[in-house]
Amino acid sequence: MSPYILCTLLFSLGLGTAVTFASSHWFLAWMGLEINTLAIIPLMAQHHHPRAVEATTKYFLTQATAAALILFASTTNAWVTGEWNIQQLSHPLASTMLVLALALKIGLAPVHFWLPEVLQGLDLTTGLILSTWQKLAPFALILQLSSVNPTLLILLGLLSTLVGGWGGLNQTQLRKILAYSSIAHLGWMILILQFAPTLTLLSLLLYIIMTSATFLTFKLNSATTINTLATSWAKAPALTALIPLALLSLGGLPPLTGFMPKWLILQELTKQGLPLTATIAALSALLSLYFYLRLCYAMTLTTSPNTLTSPAPWRLPTLQPTLLLSTLMVMALSLLPLTPTATALLSPSW
């Protein structure tokens, strides 16, 4: 792809997100989401592989459906109430449709079916953009709708944590595993949204850090399946020692960074008098932890089949820049001691 086209597409990605962030009018928010979608589609289809084209088509149809629902629901609300303002969403039908449309945009269960299939057809760099940056604009709108339909949000959150854990159990493709991991993490964020929106933003930030570190690690090793990942010890031994820790951080094990949002969310849910919801979410985290442990087991406790006589395969030194990866990996593993600082910043007293 030409550098000029790439710069234009990346600028459009940033522009679409910024327009949605800055808008208080439903039409402008919809326009920002559309700019976002149209900017990432050429990035998804740039390799001209049949799987990439199929994934791009599925993504386009899904996002077009969600955008049409958003436009229809906001028009219905404006027709009934006379208001296009995002904060003035009072019609129950329009609010339910908008929450479901935004859930479809980011891949929440039960409208999650497109996400693993689309992510499986993409290369790891575009998959990283889809799993992180593309979540920001719809989340900005969901944050503003946190009080319109609380029961629906809790149901979506619980279902997403369960589906995200259950769906990843039988997968061998790393991109599908990361897709189900994304669904589960989004469920945790949606659960706490109406009680502590700042905690949702903290969870989203930490999820982006941990997922970016994992995607960049897989990209450095050119690993897309569990079998490929199991042989990566010979390519980058030091990095292979850190990958299980990054995966366990995604699973939420202490003393790693991923424990912080789960701990704070369970604490807040218990404070709000929802012990059953907190228990179901904690049990669903065990499902997610199982497939992370499966990856760790394949990498660290098994010897992969190797027909070569030498202990390490012949390889060229990597030319990929690793500064961003090393920074993200350190953050993905060691931010838990900053939990008191995070809670102090999140407290409403200041």
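This note goes through the domain arrangement, the interface, the recorded spans and some local backbone features of a predicted model.

1. Domain layout. The domain assignment divides the protein into domain 1, covering 1-128, and domain 2, which is made up of two segments, 149-313 and 320-349. Between the C-alpha centres of domain 1 and domain 2 the distance is 24 Å, and the contact draws on 21 residues from domain 1 and 25 residues from domain 2.

2. Buried area. The size of an interface is often expressed as the accessible area that is lost when the parts come together. For domain 1 and domain 2 this buried area comes to about 2000 Å², with 76% of it on carbon and sulfur atoms.

3. Polar links across the interface. Between domain 1 and domain 2 there are 6 residue pairs in polar contact, counted where both residues have pLDDT of 80 or more. The interface of the two domains also has 1 salt bridge. A salt bridge joins the side chains of Lys176 and Glu117, at an N to O distance of 3.5 Å; by the domain bounds, 1-128 belongs to domain 1 and 149-313 is part of domain 2, which places Glu117 in the former and Lys176 in the latter.

4. The domain 1 side of the contact. At least two residues each are supplied to the side of domain 1 that touches domain 2 by helix 4 (92-106), helix 5 (114-120) and helix 6 (124-131). Helix 4 makes the largest contribution, with 6 residues. Sorted by class, this side of domain 1 consists of 13 nonpolar, 7 polar and 1 charged residues.

5. Transmembrane annotation. An unreviewed UniProt entry places the feature "transmembrane region" at residues 59-80, 92-115, 152-170, 177-196, 202-221, 233-253, 273-293 and 323-346.

6. Cis peptide bonds. The bond from Ala109 to Pro110 is cis, with omega near 5°, and Pro110 sits in the loop between helix 4 and helix 5. A cis peptide bond is also found from Pro254 to Pro255, again with omega near 5°; here Pro255 belongs to the loop between helix 12 (237-251) and helix 13 (259-271).

7. A positive phi. His48 is not a glycine, yet its phi is positive, at about 60°. The position of His48 is in the loop that runs between helix 2 (26-44) and helix 3 (50-81).

8. Salt bridges in the whole model. The structure holds 3 salt bridges, among them the pair Glu54 and Lys58, whose side chains meet at an N to O distance of 2.9 Å. Both Glu54 and Lys58 lie in helix 3, where they are 4 residues apart, about one turn of the helix.

Key
Residues numbered from 1 in each chain as written. Predicted model: local features only at pLDDT ≥ 70, side-chain atom pairs only at ≥ 80, totals over all residues. Heavy atoms only, no water. Domains from an automatic or database assignment. Contact = heavy atoms within 4.5 Å. Buried area = accessible area lost by both parts, 1.4 Å probe. Salt bridge = Lys/Arg side-chain N within 4 Å of Asp/Glu carboxyl O. Polar contact = N/O pair within 3.5 Å; in protein donor to acceptor, adjacent residues only side chain to side chain. Nonpolar A, V, L, I, M, F, W, Y, C, P; charged D, E, K, R; others polar. UniProt positions renumbered as here; feature names shortened; annotations may be inferred.
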